[in-house]
Amino acid sequence: MGRVPALRTLISAEQIDARVRAMGEQIERDYPEGEPVYLISILKGSFIFLADLVRRFQRHSVRVEFMGISSYGAGKTSSGQVKVTRDLDISIEGQHVLIVEDIVDSGVTLSYLARVLAQRRPRSLEIATLLDKPDRRMQPVDIKYVGFEIPDEFVVGYGLDFAEDYRNLKDICVLSE
Ligand code: PRP
């Protein structure tokens with residue numbers, strides 16, 4: 001029999017809730033009132049963060065769009081190959097764009113994506129990530145909003161997976177064999 005993976009809570013649902021609330025308030029303050037903000041959620045890991053973050057906005061002109069980018073296979077490490085699996089179907093030219101990610105690890109995905117979106121001439125382009133793992137950075141990424149800096153451990157939950165499992169966990173947990 002294989003060994004059963006163990007889960008240890010790293011960030012509790014309560015801690016996430018408090019931090020996402022503060023991030024939402026700060027982000028909304030940073031954008032001029034009356035100007036729409038496009039939150040671009042990178043599938044799939046960021047879907048829960050996006051859902052919680054967007055509900056912190058008071059303005060109604062906060063728009064939600066999705067992009068699919070894949071840089072990992074079924075394992076725990078990045079393949080280094082970035083692929084757009086689903087592109088935007090709107091133009092972001094002249095708009096305020098905020099990329100919403102669950103985690104920045106090597107930075108390969110985000111540095112690629114930031115380049116791609118910048119070419120579409122948005123009015124502003126910033127990045128919000130719930131988790132940042134700076135120890136593993138291979139490519140620099142300019143992140144404006146970070147929820148939590150975490151150590152170099154493999155985490156799952158609150159949208160993050162291991163081989164597509166564990167996204168449903170309310171806490172962010174370290175997965176170890
Ligand atoms: C994760 C995460 C980022 C990327 C970060 O996505 O959502 O997109 O990896 O890693 P990097 O900084 O090393 O590039 P993943 O490929 O696991 O896909 P998923 O969100 O669909 O689970």
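This is a predicted model: local features need pLDDT of at least 70, side-chain atom pairs count only at pLDDT 80 or more; totals for chains, interfaces and linings use all residues.
## Around the ligand

Let's start with the ligand. It has 16 residues around it, and the closest are E101, D102, S106, G107 and T109. By type, the shell splits into 5 nonpolar, 5 polar and 6 charged residues. Where do they come from? Strand β5 gives the largest share, with 4 residues, and β3 (62–72), β5 and α3 (108–118) each put in at least two.

For E101, a polar side-chain atom is 2.5 Å from an oxygen atom of the ligand. D105 takes part through its backbone: a polar backbone atom there is 2.8 Å from a ligand oxygen. D161 uses its side chain, with an N or O atom lying 2.9 Å from an oxygen atom of the ligand. Taken on its own, the ligand has 500 Å² of accessible area, and the protein covers 92% of that.

## The nonpolar cores

The largest nonpolar core holds 27 residues, and the members that touch the most others are I27, L39, F49, L130, L131, V155 and I172. Helix α1 gives the largest share, at 4 residues. A separate core of 16 residues lies apart from this one, and its members include Y38, I42, L113 and I127.

Skipping residues within four places in sequence, F49 is in contact with V20, M23, V100, E101, A128, T129, L130 and Y158. One name in that list, E101, also turns up among the residues closest to the ligand.

## The loop between β2 and α2

Now for the loop between β2 (37–43) and α2 (47–54), which is where K44 sits. The peptide bond running from L43 to K44 is cis, with omega near -5°. That is worth a look, because most peptide bonds are trans.

S46 is in this loop too. Is S46 buried or exposed? With a relative accessible area of 0%, S46 counts as buried, because the cut-off for that is under 20%. The S46 side chain reaches the backbone oxygen of I42 at 2.7 Å, and a polar atom of that side chain is 3.3 Å from the backbone oxygen of V100. Beyond its sequence neighbours up to four places away, S46 touches S41, V100, E101 and D102. Two of these contacts, E101 and D102, are also among the residues closest to the ligand.

Which residues have a positive phi without being glycine? A163 is one, with phi of about 50°, and Y166 is another, with phi of about 80°. For context, most residues other than glycine have a negative phi.

A163 belongs to the loop between β8 (155–156) and β9 (172–176), and Y166 is found in the loop between β8 and β9 as well. A163 is partly exposed, at 42% relative accessible area. Y166 also counts as partly exposed, with 22% relative accessibility.

Q15 is part of helix α1 and is partly exposed, at 42% relative accessibility. In sequence, Q15 and D171 are 156 residues apart, yet their C-alpha atoms are 8.8 Å from each other in space. Leaving out residues up to four places away, Q15 touches L10 and F148.

E149 lies in strand β7. Its relative accessible area of 61% makes E149 exposed, because that label applies over 50%. E149 touches D132 and P134, again not counting residues up to four places away in sequence. E149 and D135 are 14 residues apart along the chain and 9.7 Å apart in space, C-alpha to C-alpha.

Definitions and conventions:
Residues are numbered from 1 along each chain as its sequence is written. Side-chain values use heavy atoms; hydrogens and water are left out. Buried means under 20% relative accessible area, exposed over 50%, partly exposed in between (1.4 Å probe, protein chains only). A nonpolar core is a set of buried Ala, Val, Leu, Ile, Met, Phe, Trp, Tyr and Cys residues joined through side-chain atoms within 4.5 Å. Contact means heavy atoms within 4.5 Å. A residue is near a molecule or strand if one of its heavy atoms lies within 4 Å of it. A polar contact is a pair of N or O atoms within 3.5 Å; within protein, one must be able to donate a hydrogen and the other to accept it, and residues adjacent in sequence count only if both atoms are side-chain atoms. Accessible areas come from the Shrake-Rupley method with a 1.4 Å probe; for residues, only the protein chains shown count as cover. Ala, Val, Leu, Ile, Met, Phe, Trp, Tyr, Cys and Pro count as nonpolar, Asp, Glu, Lys and Arg as charged, and the others, Gly among them, as polar.
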